[in-house]
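Dear colleague,

I am passing on the structure below, together with notes on what was found in it. Please read the notes beside the coordinates, as they are meant to be followed residue by residue.

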Amino acid sequence: MTKRFGIRNLALILPALLIGLTLLLDIFVIETIVEPLVYLYIALGGIFIIYVISPLYASRRLVNYYWQRVKRNRLAVAGLGFILFLILLAIIGPFLTADPTAVSFEEKNIPPVGFTLKESIYELETGQFITRTATGDWQHPLGTDNKGRDLLAMIISGAGVSLQVGLLATGIALALGTLIGVISAYFGGKTDNILMRFTDIMMTFPFFLLLVLIVFIFGANLAIIVLVIGLTGWTGTARLIRSETLSLRTREFIMAAKALGASDGRVVLTHLVPNVISLIIVIATLSIPGVIVAEAALSFIGLGDPAVTSWGMVLRAGQQTLDTAWWVAVAPGVMLFLTVLAFNFVGDGLRDAFDPRSSL
Amino acid sequence: MKETILSVRNLKTYFFTRRGTVRAVDDVDFELKKGECLCLVGESGCGKTVTALSILGLVDRPPGRIVGGEINYDGINLVSCLPARMRQIRGREIAMIFQDAQSALNPVFTIGDQIVEQIKLHSEKSHRQAREMAIDLLKEVGIPSPDEAASYYPHQLSGGMRQRAMIAMSLSCDPRILIADEPTTAVDVTIKAQILDIFQRLKESRQISLLFITHEMGLVSEIGDRVAVMYAGKIVEIASVTELLTNPIFQHPYTSSLIKCLPGITQERERLESIPGTVPSLIDPPSGCLFHPRCAKAMAICREKEPPPVNVTKGHTVFCHLYSAQGMKK
């Protein structure tokens with residue numbers, strides 16, 4: 001098996017090896033804390049390299065062409081800029097800011113820079129109401145919440161959580177949805193019927209109930225939340241991909257591939273999937289914000305991972321002190337709003353760029 | 001006599017549709033010899049393409065199914081062959097060229113990559129070797145600056161170039177049989193001549209056996225060694241090209257009318273001849289000879305009995321009562 005050892009094989013073997021290694025480490029070396037998310041990162045990274053990085057690298061000219069088209073959409077470029085900024089923030093930020101979970105009651109409810117808060121508080125020792133004045137300073141640029149936690153640190157930590165959940169869950173959902181959609185359309189008949197009825201059942205299944213149940217059984221853990229969102233969120237993708245593939249599979253090049261000796265698996269993976277990649281990219285960018293909001297909603301109602309600080313959790317803390325420390329709720333709200341908007345702009349921009357009929 | 005490389009015996013490919021059984025290929029019988037070009041001629045919908053797809057085992061099932069007959073290649077019956085073995089035969093031993101190269105090439109890969117993929121699928125070559133081979137193939141089919149052309153996507157090529165790329169791809173594993181399904185229909189006349197040249201050269205340089213499917217009698221005289229004329233899922237006449245075109249005494253009436261339909265340079269400007277009527281329904285075919293409703297020379301017996309094969313001269317078989325013993329008697 002020394003023949004063709006290209007980037008594709010490497011991208012297949014390397015993640016498999018890494019997963020095996022991590023698994024061994026996890027089982028035999030006690031005391032190591034291998035987060036379950038690591039497995040997902042490795043597996044999805046492999047798929048990402050095979051189907052996104054390597055074809056993009058192989059056709060730089062085409063990438064350049066599409067980039068020229070996307071570039072004409074200012075909002076999409078701004079959105080892309082914001083997403084990149086967010087990714088950088090999530091990676092570098094935690095090293096620069098304080099611990100987002102550090103509680104300090106002396107520093108509670110400090111407003112952001114440039115704001116002053118006057119609140120009357122009841123002092124236990126004297127039994128009197130005194131007026132406390134707090135002014136924002138650069139030590140806590142975005143202020144603190146009612147437990148004195150630094151808001152900036154919490155926002156940065158939340159950015160990481162949101163991006164992780166958004167990318168990983170969408171990655172799982174897309175991989176599953178694409179595979180099921182393509183297989184369903186390509187084989188047709190009974191296979192199609194079974195897979196699509198299964199999709200229908202999954203669609204009607206109350207995903208929130210499932211999540212509450214699973215969180216109750218296994219405890220709230222980011223990896224479990226990602227898995228549940230990913231494993232239930234593929235249905236729409238599967239339908240879209242199926243309908244796209246239905247028109248592709250009657251094209252003559254599929255017959256030609258078979259006439260020249262390609263197997264079914266080969267036809268599916270190297271001829272059908274690459275032809276729906278542009279659709280997948282658009283679905284991805286448009287479904288990431290949905291996932292991010294879903295995670296925020298879960299954290300908001302208290303079903304999120306308590307070990308990590310996410311935007312939904314901050315939002316929940318801020319909601320209780322909305323009358324005094326309004327900034328605590330505003331900050332994660334604005335971030336959620338901007339993130340969702342940015343992904344939507346990018347998705348729209350990509351869709352227009354990939355649409356051959358649009359005269360951009 | 002050259003040796004036979006592919007023999008199709010009593011092939012029956014039916015399509016089972018809601019409206020009834022379509023006998024797309026019904027009792028077809030022919031042989032392809034080594035290094036020869038056999039032309040399969042007939043109107044649209046007479047079963048030429050289905051015959052080709054049956055050979056490669058690519059008839060969509062359901063609704064289609066090969067219900068009878070044998071296709072013998074290299075001692076194997078392709079009808080009952082295992083799918084895995086069939087996949088090895090496709091492309092490596094028997095390759096096919098499609099009518100419309102535009103839709104037969106994958107739009108998201110460069111033609112170089114597609115040929116390389118094809119080579120690597122069937123051989124143990126390294127990527128670099130395969131790439132070099134792909135460029136050589138592109139050169140062989142007459143693509144100018146093949147180095148550069150290999151990095152083009154199908155939509156960047158002209159129709160003729162695409163068709164050549166398709167031919168290069170099907171040649172990549174040096175198949176022994178090449179099935180060409182109307183390879184010149186989608187290109188213009190000058191390109192058509194060039195593509196025919198390529199086939200002519202391939203036949204000589206590679207000793208490839210060609211099964212050339214077309215509806216143009218003009219092409220047949222250009223490239224064919226032997227002709228099989230198909231009508232409504234059946235072969236009505238098989239003969240060598242020279243015999244068929246120069247010996248009109250024993251022609252099948254359908255073949256004569258096909259030839260009459262050709263516009264000639266020497267002819268005065270007249271209305272083009274056409275064959276009256278249309279191809280009969282293959283769900284509910286007429287009794288007796290399938291051609292009798294449209295045949296100018298139809299007799300009473302044609303309505304009742306299917307014509308048997310008649311060997312009129314050596315290597316020339318006609319399925320027509322005009323030459324059969326029963327028909328002669330009446």
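**Domains of chain A**

Chain A is divided into domain 1 (1-71) and domain 2 (73-103 + 148-354), with bounds that come from an automatic or database domain assignment. This is a predicted model, in which local features need pLDDT of at least 70 and side-chain atom pairs count only at pLDDT 80 or more, while totals for chains, interfaces and linings use all residues. Residues are numbered from 1 along each chain as its sequence is written, and chains are lettered from A and ligands numbered from 1 in the order in which they are written.

The centres of domain 1 and domain 2 of chain A, taken over C-alpha atoms, are separated by 18 Å. In chain A, 12 residues of domain 1 are in contact with 16 residues of domain 2, where contact requires that the C-beta atoms of two residues, placed from the backbone, lie within 7 Å. On the domain 1 side of chain A, the elements giving two or more residues are α2 (36-58) and α3 (60-71) of chain A, and α2(A) gives the most, with 7 residues. Helices (H or I, at least four residues) and strands (E, at least two) are DSSP runs, numbered from the N terminus. That side of domain 1 of chain A divides into 9 nonpolar, no polar and 3 charged residues; here Ala, Val, Leu, Ile, Met, Phe, Trp, Tyr, Cys and Pro count as nonpolar, Asp, Glu, Lys and Arg as charged, and the others, Gly among them, as polar.

**Domains and sheet of chain B**

Chain B is divided into domain 1 (4-93 + 175-329) and domain 2 (105-173), and the C-alpha centres of these two domains of chain B lie 30 Å apart. Their contact takes 11 residues from domain 1 of chain B and 11 residues from domain 2 of chain B. On the domain 1 side, α2 (83-92) and α8 (189-206) of chain B each supply at least two residues, and the largest share, 4 residues, comes from α8(B).

In chain B, 4 strands form an open antiparallel sheet in the order β2-β1-β4-β5, two strands being paired if DSSP finds at least two bridges between them. Strand β1 (residues 4-17) of chain B is joined to β2(B) by 11 bridges, and the bridge partner of F15(B) in β2(B) is V22(B).

**Where the chains meet**

The contact between the chains takes 25 residues from chain B and 17 residues from chain A. On the chain B side, α2(B) gives the most, with 5 residues, and by class that side has 10 nonpolar, 9 polar and 6 charged residues. The predictor gives the complex an ipTM of 0.74 and a pTM of 0.73.

**Nonpolar cores**

The largest nonpolar core has 107 residues, and those with the most contacts inside it are L138(B), A165(B) and L211(B). Such a core is a set of buried Ala, Val, Leu, Ile, Met, Phe, Trp, Tyr and Cys residues joined through C-beta atoms within 7 Å, and a residue is buried if 20 or more other C-beta atoms lie within 10 Å of its own, exposed if 12 or fewer, and partly exposed in between, with C-beta atoms placed from the backbone. The largest share of this core, 7 residues, comes from α7(B). A second, separate core of 65 residues includes A76(A), A153(A), I180(A) and M335(A).

With best regards
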